[in-house]
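Please keep the sequence and the model in view while reading.

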Amino acid sequence: MRLPVSKPISVTNASEVTRSCSDLLADFLRLKISANTKRNYSKAITDFCRRNYDSEISERLLTRFLSLQQPEAVYQALHYRQLLIDAKLAPSTINVRLSALKSFVDYARQSEQCNFNLADVACLKVESYGDTTGIEVAGFKEMLQIPDRTTIKGIRDYAILRLLWDNALRRNEICSLDVGDFDKSGRLAILGKGKIQKSQIDLSSATTIAIAQWLAARGDYRSSDPLFSSLDRRSKGHRLDGSTIYRLVREFSTAAGIDKVVSPHRIRHSAITAYLDASDGNIRAAQGLSRHANLNTLNRYDDNRHKYQAIATNTLADLV
């Protein structure tokens, strides 16, 4: 049973609010930094309208929702959360959609378009980074041999693989790079996850050479051009997107005979774990590599690396 929408506001007020909030959602999404966040938040607000009201998103519907009083607004948000749970969506997906809704409401309240907040609507508890297992170093070495570096595509793909491993970059961090972000002295300016300003990171000599070779093979470019561009006939010169990098990684891992499903993020996990192994658990340096703000996240990597839980379980088993 769908929750009832609150009674329509008066015609005069409705007209005023509709005019003033016609671009509210667009303005809200424009504040989001990454294209991925924009897509996810737009999808979440659309999904909220469809599930709670059996209706497509519209100015009228958003206006009526934002006119609710605090108790009913919270009730409807909680109902939406239950609908997502009943649909058996992953907790992380549910939390993204709830966060988007709550963030939009906060923005509307700051813009004086509503008088309620959804602070009491809690997200679901998620054990983040529960699985930090990756692939063996030998497996990634095999992947590095797959790109044909006698071709321009192979040169480009090899440079991408080196960034995924040597610097444990996220695929969106790679996608957002411009030519001007690369310094041939061995530095790269990246836009980290959730950041609004780029920061400088150091590159290995192997990665520096790989990127320089890609740019040399590519030829004509400007500093404002994407660092990694498509070579397909239909989209040549356009910025590579995350799905393309994901497909490249899957292709190379399959060709290397790796039986796990390998994604760019799994390579990131693998690189961080491999560094912890090689450095005897240097958490501080690993934090510099991974750029995790919370050391507890890296502690999970280290715990998984040592298999502390398995050790404890076998010790207890041996006692009885």
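Two residues are in contact when heavy atoms lie within 4.5 Å. In this predicted model, residues 24 or more positions apart account for 62% of the contacts in the protein chain with a separation of 6 or more. The protein chain has 320 residues, of which 42% count as buried. Its secondary structure consists of 15 helices and 3 strands.

Two packed helices are described by the angle between their axes and the distance between the axes. For helix 4 (residues 59-66) and helix 6 (residues 91-110), the angle is about 80° and the axes are 12 Å apart. Angles of 65 to 115 degrees count as roughly perpendicular, and helix 4 and helix 6 are therefore roughly perpendicular to each other. Helix 4 contributes Leu62, Phe65 and Leu66 to the contact, while helix 6 contributes Leu101, Phe104, Val105 and Ala108. By type, the residues of this contact comprise 7 nonpolar, no polar and no charged.

Phe65, named above as part of the contact of helix 4 with helix 6, also belongs to an aromatic cluster together with Phe48, Tyr53, Tyr80 and Phe116.

A pair of aromatic rings is described by the distance of the centres and the angle of the planes. One of the pairs is formed by Phe140 and Trp165, with 4.6 Å from centre to centre and 15° between the planes, and this pair is stacked. Phe140 lies in helix 7 (residues 137-144) and Trp165 in helix 8 (residues 152-166), so that the pair links distant parts of the chain, 25 residues apart. Are these two residues, Phe140 and Trp165, buried or exposed? Both Phe140 and Trp165 are buried.

The strands remain to be described. Strand 1 (residues 182-183) and strand 2 (residues 187-190) run antiparallel and are joined by 2 bridges. In this pairing, Phe182 stands opposite Leu188 of strand 2. Strand 1 and strand 2 form a hairpin with 3 residues between them, and Gly186 in the turn has a positive phi of about 110°. Strand 2 also pairs with strand 3 (residues 199-202), in the antiparallel sense and over 4 bridges. Here Ile190 stands opposite Ser199 in strand 3.

Definitions and conventions
Residues are numbered from 1 along each chain as its sequence is written. This is a predicted model: local features need pLDDT of at least 70, side-chain atom pairs count only at pLDDT 80 or more; totals for chains, interfaces and linings use all residues. Side-chain values use heavy atoms; hydrogens and water are left out. Axes are lines fitted to C-alpha atoms, for helices over the stretch in contact, and angles run from 0 to 180 degrees between N-to-C directions. Angles under 35 degrees count as roughly parallel, over 145 as roughly antiparallel, 65 to 115 as roughly perpendicular and the rest as oblique. Ala, Val, Leu, Ile, Met, Phe, Trp, Tyr, Cys and Pro count as nonpolar, Asp, Glu, Lys and Arg as charged, and the others, Gly among them, as polar. Two strands pair if DSSP finds at least two bridges between them. Rings of Phe, Tyr and Trp (its six-membered ring) pair if their centres lie within 6.5 Å; planes under 30 degrees apart count as stacked, over 60 as edge-to-face and the rest as tilted. Buried means under 20% relative accessible area, exposed over 50%, partly exposed in between (1.4 Å probe, protein chains only).
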